Amino acid sequence: AISFIRGAGIVNKKKMVITKFLLIALVPPLVSVLSSGCLREQDLLLGQYYCSDVNIDSSTQSAVGCTGGLVNVTCFVAPNLTLCSSATGDSFTKQIPCRDVKGRRYNYYVAVILSLFLGMFGVDRFYLGYPAIGLVKLCTFGFFLVGQLVDFLLILLQYVGPADRSDYYVPYYGPVMMQINTTSQSLYQTCA
């Protein structure tokens, strides 16, 4: 009987945490809508707006106007919703992430093939702009082939990219790995 009561207490605590979370996440947008009759851009939830497609540059396979990893797109509010900033009507501009291919284009497929077949000689690292590591791999036969395997996996999973911090040249809808990090702050940013 004691363990059952303790278990019920845990369930009640979980319900209380979920209720607090829902109040924190949902009440501020509802209060702003009820008090003014319109929504602010940051209060719009997913599904209450849609964004236009990004223009793709055929030479770089990246979004046109991509600077610093962000590009501006025009978004439109769903029918029967009103924005508080009515100067733009039912549309607003939002920044979304994009692949920033700067200057020289480093092809992902070329890097993977070089790493697979010529990685023991450091050609993959020379290609990506890391001459010191490439020279060490050349002199040590790819760190005795262990370094070649490790580098092949790192390049294949896109953990190692070009030295100039640009993104790989990959077709826009091609195989791009994105690392997603979450923190306690990101939870509140997506929910609030």
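## Second largest pocket

Strand β5 (residues 91-97) contributes the most to the lining of the second largest pocket, with 3 residues; strands are DSSP runs of E with at least two residues, numbered from the N terminus. The lining consists of E41, Q42, L44, L45, L46, Y49, F92, T93 and K94, and it divides into 5 nonpolar, 2 polar and 2 charged residues. The space in this pocket is about 160 Å³.

A pocket is an open set of points on a 1 Å grid over the protein atoms alone, where a 1.4 Å probe fits, with protein on both sides within 12 Å along at least five of seven lines; lining residues have an atom within 4 Å of a point. A volume is the space filled by probe spheres set on the points.

## Basis of the values

The model is predicted: local features need pLDDT of at least 70, side-chain atom pairs count only at pLDDT 80 or more, and totals for chains, interfaces and linings use all residues. Residues are numbered from 1 along each chain as its sequence is written, and side-chain values use heavy atoms, without hydrogens and water.

## Largest pocket

The largest pocket has a volume of about 910 Å³. It is lined by 26 residues, of which D167, V176, M177, M178 and Q179 are closest to its centre. The lining comprises 18 nonpolar, 5 polar and 3 charged residues.

## F92 contacts

Beyond its neighbours within four places in sequence, F92 is in contact (heavy atoms within 4.5 Å) with E41, L44, Y49, V73, T74, C75, V77 and L83.

Technical notes
Nonpolar A, V, L, I, M, F, W, Y, C, P; charged D, E, K, R; others polar. Helix = DSSP H or I, 4+ residues; strand = E, 2+ residues; numbered from the N terminus.
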